[in-house]
Amino acid sequence: MSRLRVGVLVSGRGSNLQALIEAAKDPLYPARVVMVCANRDCAALEIAKNAGVSRQLFRLAEFPDRKARDHAMVKTLRLHGVELVVCAGYDAILEHAFTRQFAGRIINLHPSLLPEFAGTMDAVAQALESGVAETGCTVHVVTDDVDQGPILAQSRVEVRPDDTVESLRERIQVEEHSLLPAVVKRIAGQVLPLRV
Ligand code: GRF
């Protein structure tokens, strides 16, 4: 079975990267993580290392500008034969130079029910403050309009009266850890063709 080659972009804890790596331990899972790119030193790089996955740090300070950094990432991902790019807690906006190269082949995980609480790194806190009865997480296709690309799947999470940002985030992440591998599986099986 040929498995979809996935590149994951990370900036933080890497729990969703871990979830994808775990899913791919099943030999019948139709995708595998072949490259991890980070824009900062982060725990996710350790997760990649421990799993024996190729990884590379692309610190902005080491490049003339964002475009050059993103171009270097594209080159590395291409060298590893990446067919699908997953932004899993990646906290930088991708340059057009990047999105053009993988058009329709980049997905992002966002901790809200998009289009609610789009374009923010603070979606969980905003949901809590706004008093909504439910929030959740979304996997969507990345386009040049931040958090506006076509929605592929969502999971809903109830907001409880005693929730804190941390408790709500924790329950959203539980959903993310099954939603993301499920969407990647569907893409790999071409049940869900990517369109932009
Ligand atoms: C996730 O909650 C995701 O929705 C957001 O960043 C978080 C990344 O978490 N974009 P982790 O690094 O995968 O643990």
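How much space lies in the second largest pocket? The volume is about 180 Å³; the details come in point 4.

1. **Ground rules.** This is a predicted model, where local features need pLDDT of at least 70, side-chain atom pairs count only at pLDDT 80 or more, and totals for chains, interfaces and linings use all residues. Residues are numbered from 1 along each chain as its sequence is written, and side-chain values use heavy atoms, with hydrogens and water left out.

2. **The sheet.** Seven strands form an open sheet in the order β3-β2-β1-β4-β5-β6-β7, with mixed pairing. β3 (54–57) and β7 (151–158) stand at the edges with a single partner strand each, so one side of each has no neighbour in the sheet. On average, neighbouring strands are turned by 20° against each other, direction ignored. Strands (E, at least two residues) and helices (H or I, at least four) are DSSP runs, numbered from the N terminus. Two strands pair if DSSP finds at least two bridges between them. β1 (residues 4–10) and β4 (residues 84–87) run parallel and are joined by four bridges. In one of them, Val 6 has Leu 84 of β4 as its partner.

3. **Helices on the sheet.** Helix α2 (residues 43–50) lies across β1, β2 (31–38) and β3, at about 155° to β3. Helix α6 (residues 165–188) lies across β1, β2, β4, β5 (106–110), β6 (134–141) and β7, at about 155° to β7. Axes are lines fitted to C-alpha atoms, for helices over the stretch in contact, and angles run from 0 to 180 degrees between N-to-C directions. Contact means heavy atoms within 4.5 Å.

4. **The second largest pocket.** Its lining includes Arg 3, Ile 21, Lys 25 and Ser 54. β2 gives the most, with three residues. By class, the lining has six nonpolar, two polar and three charged residues. A pocket is an open set of points on a 1 Å grid where a 1.4 Å probe fits, with protein on both sides within 12 Å along at least five of seven lines; lining residues have an atom within 4 Å of a point.

5. **The largest pocket.** About 860 Å³ of space lies here. Of its 36 lining residues, Gly 89, Tyr 90, Asp 91, Leu 109 and Met 121 lie nearest the centre. α1 (15–23), β5, α5 (123–130) and α6 each give two or more residues to this lining.

6. **Helix α1.** Seven of its nine residues are buried (under 20% relative accessible area, 1.4 Å probe, protein chains only). Among them are Leu 17, Leu 20 and Ile 21. The buried residues of α1 pack against β1, β2, α2, β4, β5 and α6.

Technical notes: Grid points are joined across faces, edges and corners, and a volume is the space filled by probe spheres set on the points. Ala, Val, Leu, Ile, Met, Phe, Trp, Tyr, Cys and Pro count as nonpolar, Asp, Glu, Lys and Arg as charged, and the others, Gly among them, as polar. Buried means under 20% relative accessible area, exposed over 50%, partly exposed in between (1.4 Å probe, protein chains only).
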